[in-house]
Amino acid sequence: MITVLGAGAFGTALAISLAHKGPVRLWARNAGHATEMQKTRRNERRLPGVDLPENITITADLEPVSDQHPTLLAVPMQRLRSVLTDYTDALSGGMLVACCKGMELSTGMGPTQIIGAELPGATPAILTGPSFAADIARGLPTALTLACADETAGESLQQALNTPNLRIYRTTDVTGAELGGALKNVMAIGCGAVIGAGLGDSARAALMTRGFAEMARMATALGARPETLSGLSGFGDLVLTCTSDQSRNYRFGLSLGRNETFDSSVTVEGAATARAVCNRAAKMEIDMPISRAITALISGELQVDQAMDMLLSRPLKEERC
Ligand SMILES: NC(=O)C1=CN([C@@H]2O[C@H](COP(=O)(O)OP(=O)(O)OC[C@H]3O[C@@H](n4cnc5c(N)ncnc54)[C@H](OP(=O)(O)O)[C@@H]3O)[C@@H](O)[C@H]2O)C=CC1
Ligand SMILES: O=C(CO)COP(=O)(O)O
């Protein structure tokens with residue numbers, strides 16, 4: 001049976017879609033939350049208004065996962081390592097598919113690197129790409145990328161995770177898929193700030209395009225294939241997240257641009273990842289001015305107009321990545 005760890009918006013949506021093919025186990029860390037979902041057959045806390053199919057078993061106890069079926073890790077990026085260390089016995093040896101987007105702040109590592117470091121016996125993979133949980137849960141058509149360095153395991157995960165409304169593409173370029181998903185959230189915060197501050201759609205298009213160049217610059221420096229960045233996990237997710245009010249990263253950016261407060265309990269992966277990206281870029285001597293400006297905006301070191309001045313006053317250059 002497929003197990004989904006994390007009864008947040010994304011984990012619940014994936015469980016609902018996968019339940020069209022067979023039984024799914026959905027694990028919530030909080031026993032009260034699990035009981036509530038068992039009784040109501042809904043997850044009103046994280047994904048309101050959607051019924052949970054009968055073949056989803058909800059639990060707060062994690063039994064050892066199967067090494068034949070995928071286990072999806074749908075928890076926030078900065079919590080992934082602690083989930084792996086807390087449940088090492090249950091997870092070791094599993095086919096572990098990270099469903100989080102980001103870079104670990106303390107190490108600069110991506111999800112599959114963390115899985116490899118903490119659970120060397122597991123098969124790590126990542127599921128990423130343009131997809132809002134609410135869309136998946138409503139059965140709307142969505143396409144995602146499954147990245148796994150082990151080609152055979154990747155093929156089997158692709159088959160297992162493809163559903164009637166979730167079309168899964170496959171790649172072995174884990175670095176490219178991970179970095180696309182991590183970096184697009186940083187750019188989405190910037191785009192939200194641009195729109196929130198009233199700087200207009202043209203400015204947003206410029207930020208998305210030059211932001212994409214920056215994403216590709218970092219990813220290729222770390223060994224990613226350029227075509228992966230142009231695919232669902234990079235370009236596709238950048239477009240979705242930088243242009244939709246459904247995105248929490250974008251909405252967080254809107255609040256920065258408008259000088260409004262933002263609910264700190266909402267998961268905004270791009271905030272910590274922006275800092276991690278800047279740290280890593282500085283160490284590798286990769287020029288990432290847009291990421292630096294967005295990071296300064298998030299920390300309050302710069303206001304939107306100052307960040308824009310900083311970017312617009314840079315020396316003129318040829319257009320390339
Ligand atoms: N929502 C979306 O549309 C999409 C999200 N993603 C990615 O999925 C990942 C999860 O996001 P999402 O589900 O939306 O976030 P949510 O905020 O909806 O849920 C986060 C989940 O993680 C659980 N959690 C938090 N900390 C821990 C911990 N220390 N140990 C175990 N579980 C923990 C939460 O438990 P509790 O409820 O008890 O706090 C909750 O179930 C993110 O990386 C995001 O980028 C990817 C694509 C789409
Ligand atoms: O990753 C996502 C869409 O692909 C979800 O975006 P947010 O985390 O910004 O809501």
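Good morning. In an unreviewed entry, UniProt lists residues 173-308 under "domain: Glycerol-3-phosphate dehydrogenase NAD-dependent C-terminal"; such annotations may be inferred rather than shown by experiment. The structure is a predicted model, in which local features need pLDDT of at least 70, side-chain atom pairs count only at pLDDT 80 or more, and totals for chains, interfaces and linings use all residues. Residues are numbered from 1 along each chain as its sequence is written, chains are lettered from A and ligands numbered from 1 in the order in which they are written, and side-chain values use heavy atoms, leaving out hydrogens and water.

Over residues 173-308, the chain is 75% helix and 0% strand, where helices are DSSP runs (H or I) of at least four residues and strands (E) of at least two.

I turn now to the ligand. Ligand 1 lies between domain 1 (2-172) and domain 2 (175-313), because both give residues to its shell; the domain bounds come from an automatic or database assignment. The ligand is surrounded by 19 residues, each with a heavy atom within 4 Å of it. Arg46, Ala133, Arg248, Thr267 and Glu269 are the closest.

Polar contacts here are pairs of N or O atoms within 3.5 Å. A side-chain N or O atom of Thr267 is 2.6 Å from an oxygen atom of ligand 1, and a polar side-chain atom of Arg29 lies 2.9 Å from an oxygen atom of the ligand.

Finally, Ser17 belongs to helix α1 (residues 9-18). The side chains of Ser17 and Thr163 are joined by a polar contact of 2.8 Å; within protein, one atom must be able to donate a hydrogen and the other to accept it, and residues adjacent in sequence count only if both atoms are side-chain atoms.
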